[in-house]
Structure formats: C-alpha cells, structure tokens
Amino acid sequence: MKNVIVRLRDIEKIYGGKSVIDHLNLDVAQGEFLTLLGPSGCGKTTTLRMIGGFEETDGGQIFLEDEDVAGRAPNHRNVNTVFQSYALFPHMNVFDNVAFGLVEKKVPKAEIKKRVDEMIELVQLQGMEKRMPSQMSGGQKQRVAIARALVNRPKVLLLDEPLGALDLKLRKQMQYELKELQKKLQITFIYVTHDQEEALTMSDRIAVMNGGRIEQLGTPVEIYDHPKTKFVADFIGESNIFEAYIEEKKGHRISLVMESGKVELDAPEFDYDEMVYVCVRPENMKVSMEPVDGFTIRGTVMEHIFVGSIIKTIIELPNSQLIKMTNPPEDEIIPVGTNVYLHWLPGKAVVMHTREDRVYEIIEGAGNENEKEEQ
Ligand SMILES: Nc1ncnc2c1ncn2[C@@H]1O[C@H](COP(=O)(O)OP(=O)(O)O)[C@@H](O)[C@H]1O
Ligand SMILES: [Mg+2]
C-alpha cells in the first residue's frame, strides 16, 4: 500500500496475564477513513489508546509516518483523540476549549483567533463561542470536541465511539457531517465503533475485530458481500447461515448436502469432504413453487413483517431453522402456510470454512493483505 501513515506490526497487549490484543497488524493510508469495528470488549479502545500513546504496548511496533513512536508521549505524536465522553473543560467556554492546544503550544494570539474561528465555522458553531459546555446539547459538545482536536492540524485523528452518546437522528446527521469534514480536510481518521451500520456508511475500509484480532479487513462492500468468516457474516448485516457438507467437486462446482436439502454452486477454492457454512443475505433469498435447477431446499412461509420500505418474510425449514428473506413491497406476497422451494441467484452465496485451522489461516492473513500483494 502507498502512503502508509500508521503502521501496526505484531502489536500485543496483555492485561492481568490475559492477552487482549493478539499480534495485530494493520496499515492505514494517508487520508483514509478506517474503522475498527467489533463487539464490546474485542480490543478497539485498547488499540486506539496504544496508537495515541495513552497505553504502552507489550510487544510489536507502532510507526507514525515511518517513525517508531515507542515511549513517545501522546502530545509528542502527530495524532489527536476524540473520546466518547467529549472530555471538554467545564470551566472554559467554547472558544477557550477549542483554543486550548494552541495556547499550550504558545501559538501567537492573532493566529489562535484565526484558527479557532476557522474551526468553529467548520463545525458550524458560529455565535456560540462564549457558551459554556453545560449550556450545550450532546451534539454541540461533540462538535466542540472535534474542533478542539482538529485545530491542532493532526495528521491522524483517533475517534473512539464519538457519536455513541447521541440519539439516533442526531447520530445519523453527525455521521454525515463527520464524513464530509474528513473528506474536506483529508485527515486520516481511525474511527472506533461497535455499530455496523455506522461503519458501513462512513468508512473507506473496515477492520472487523474479534477477541483482540482483526478477522477481516476490507471495503464496506467487500466485507458485506464477501464475509470471510462466520463471525463477520453474523456481525455485519443480517445473514442466513446454513451448515453444509461438500460431498463432491466437479471443476469449479461443488455439491453441498444440508439438513434441509441439496445445493450446487461455484466455489473454486473449496474441495470436497469438508464441512462449511453457506451464507446468504436476506435480500438474495428467493422462493418459488417449483424447484429451481441445482436446489432442493424446502420450507414453509411462517410470517410477513412490514419494515418500512421492505417486506421481511420468515420461512421455516424442516429442521426448524428460520430463514429471513426481504423483498420490495410490490412483490407478490405468498400466503402464510404455503410450502415453497428456496434458492438464490448465482454468485449470491458465500462459502466459509468451519475448521478452526482454516479459519485461523484467514484471520492470520487479515491485517497483512497489502503486504502479500506487494510480494
Ligand atoms: N485497564 C485495563 N485493565 C484490565 N483490563 C482491561 C483494561 N482495559 C481494557 N481491558 C480489557 O481488555 C479487553 C479489551 O477492552 P477494550 O479495548 O476496552 O474493548 P472495546 O473498546 O472493543 O470494547 C476487555 O476484555 C477489557 O475488559
Ligand atoms: Mg471501547
């Protein structure tokens, strides 16, 4: 990858004898919006704090612009952090909060005024310079926190669930504003969230974390359309996951046996005699009254749920597994109780390994994909 600005190499962190970050590798490009996404406790904050210099590593190296920053204090890294809690100074007004970093650096007064005014305009808080944090809403306080970080013109901005405390509507608006701001300033953002929708809408690339490791690194489309592990498929978006056995392979085509029927599909990188997961997104599930070539899965329509612009249909398989299918409301509604055949369009199923050693190989490669391409 070109123009790497943050490089993590084999990072480890141990708390109380327990490994919480496990040989993590990651390259972040200049100007990129990269998100660390994963469930609570997977190590997102710890990773961010190590990049910011608030936490030491127990192994590995962190490079900022090709320089190893081991032992360097947070204020001596060209990085700023925005925390979920805002951490504004309660006794200072908006202007002074934003100006704080520049005052510390003894920047001349006239320049401070100019840069703070510029930032306040950028986050649309003009006219609020004299307000105290206690007189502002959550969204306004978060904008002050962002302005306070950006005024230092950091190369990299670290953001730890910055919108987590806001209600849904404001969060959506701030997601849009933050993304626009990032594009405009071309500052590298490393953004932490446990909200998959937020990650999908905002990021250039997402690193999906689980148990202190990156399970998959890719663009939102890659992660959504081609999850490499069951964890990623489950965590991002909705999935139907079938357990299946590959009983035969002919050319690129594999024949799968599942509890609820048989399926054939293209999966060149898989071999026969392996247990796999097959993941199909609800929008790619289809039903028909007659079997479709290559499929013998049967089910019964159980329920229709109206979810705004789509209809979600629940189908029960003979083994009691519930399958989710979504369709636009203008599609024909099949009555509850109807027995149907299930299928999906070619290329719309993702096959994943179940064997732990195979899954491990994929996870091992996740943070290192760029390196492999270069070799
Ligand atoms: N200061 C600490 N002391 C001990 N354990 C910690 C400390 N900080 C985090 N942990 C543990 O490290 C793991 C990762 O935590 P964290 O990075 O905060 O996760 P996330 O931000 O993804 O929710 C968790 O199991 C958490 O309990
Ligand atoms: Mg956290």
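This is a predicted model: local features need pLDDT of at least 70, side-chain atom pairs count only at pLDDT 80 or more; totals for chains, interfaces and linings use all residues.
Residues are numbered from 1 along each chain as its sequence is written, chains are lettered from A and ligands numbered from 1 in the order in which they are written, and side-chain values use heavy atoms, with hydrogens and water left out.

**Helix 2**

Select residues 94–104, which form helix 2 (helices are DSSP runs of H or I, at least four residues, and strands runs of E, at least two, numbered from the N terminus). Val-94, Phe-95, Asn-97, Val-98, Ala-99, Gly-101 and Leu-102 are buried here (buried is under 20% relative accessible area, exposed over 50%, partly exposed in between, with a 1.4 Å probe and protein chains only). At the start of helix 2, display Asn-93: one of its side-chain oxygens comes to within 3.1 Å of the backbone nitrogen of Phe-95.

**Ligand 1**

Next, select ligand 1 and the residues around it (a residue is near if one of its heavy atoms lies within 4 Å). The shell includes Tyr-15, Lys-18, Val-20, Pro-39 and Lys-44, and its residues divide into four nonpolar, five polar and two charged (Ala, Val, Leu, Ile, Met, Phe, Trp, Tyr, Cys and Pro count as nonpolar, Asp, Glu, Lys and Arg as charged, the others, Gly among them, as polar). Helix 1 gives the largest share, three residues. For the oxygen atoms of the ligand, show the side chain of Thr-46, with an N or O atom at 2.5 Å, and that of Thr-45, with one at 2.8 Å. Strand 2 (18–29) and helix 1 (44–52) are the elements that give two or more residues to this shell.

**Aromatic pairs**

Now display the aromatic rings (Phe, Tyr and the six-membered ring of Trp pair if their centres lie within 6.5 Å; planes under 30 degrees apart are stacked, over 60 edge-to-face, the rest tilted). There are seven aromatic pairs. Phe-231 and Phe-235 are stacked, because their ring centres are 5.7 Å apart and their planes at 10°. Both lie in helix 8 (residues 230–235), four residues apart. The rings of Phe-295 and Trp-344 have centres 4.9 Å apart and planes at 85°, so this pair is edge-to-face. Phe-295 and Trp-344 are both buried. Finally, select Phe-33, Phe-189 and Tyr-191, which form one aromatic cluster.

Technical notes. A polar contact is a pair of N or O atoms within 3.5 Å; within protein, one must be able to donate a hydrogen and the other to accept it, and residues adjacent in sequence count only if both atoms are side-chain atoms.
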